[in-house]
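Reader: Could you show me the structure before we discuss it?

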Amino acid sequence: GFLTCVLANSWLDDGPGRALWAALLARLRRRFHLVLESCRAGVAKPDPGIYRRALELLRARPEEV
């Protein structure tokens, strides 16, 4: 089967709208195999590190995507 992933180029939000972002991430996590936030991975898109981390977590090789 297919594995699905969302890469979010995000930051830790402590503002008044953070509940909306948290709710969106919760919904995404229920529908995708992996939701990877750049702020939690320590990288930002288009840094190749975020893509390597996603492949590692999904146990996939670049030629499989």
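Predicted model: local features only at pLDDT ≥ 70, side-chain atom pairs only at ≥ 80, totals over all residues.

Reader: How many bridges join E1 to E2?

Author: Strand E1 (residues 5–8) and E2 run parallel and are joined by four bridges. Glu37 in E2 is the bridge partner of Ala8. Between E1 and E2 the chain passes through helix H1 (residues 18–31), and this β-α-β crossover is right-handed.

Reader: Are the side chains of strand E2 buried or exposed?

Author: In a regular strand, side chains alternate between the two faces of the sheet. Both faces of E2 (residues 34–37) are covered: Leu34 and Leu36 are buried on one side, and Val35 and Glu37 are buried on the other.

Reader: Why is Glu37 classed as buried?

Author: Because its relative accessible area is 4%, and buried means under 20%.

Reader: Which side chain does Glu37 join in a polar contact?

Author: The side chain of Arg29 joins that of Glu37 in a polar contact of 3.1 Å.

Reader: Turning to the largest pocket, how much space lies in it?

Author: The largest pocket holds about 250 Å³ of space. Its lining includes Phe2, Leu7, Tyr51, Leu55 and Glu64.

Reader: Which elements give two or more residues to that lining?

Author: Those elements are E1 and helix H3 (48–58). H3 gives the most, with four residues.

Reader: And how do the lining residues divide into nonpolar, polar and charged?

Author: Ten residues of the lining of the largest pocket are nonpolar, one is polar and one is charged.

Key. Residues numbered from 1 in each chain as written. Heavy atoms only, no water. Buried < 20%, exposed > 50% of the residue type's maximum accessible area, 1.4 Å probe, protein only. Pairing = 2+ DSSP bridges. Right-handed = clockwise from strand over helix to strand, strands pointing away. 1 Å grid on protein atoms, 1.4 Å probe; cavity = no way out; pocket = protein on both sides within 12 Å on 5 of 7 lines; lining within 4 Å. Points joined across faces, edges and corners; volume = space filled by probe spheres on them. Nonpolar A, V, L, I, M, F, W, Y, C, P; charged D, E, K, R; others polar. Polar contact = N/O pair within 3.5 Å; in protein donor to acceptor, adjacent residues only side chain to side chain.
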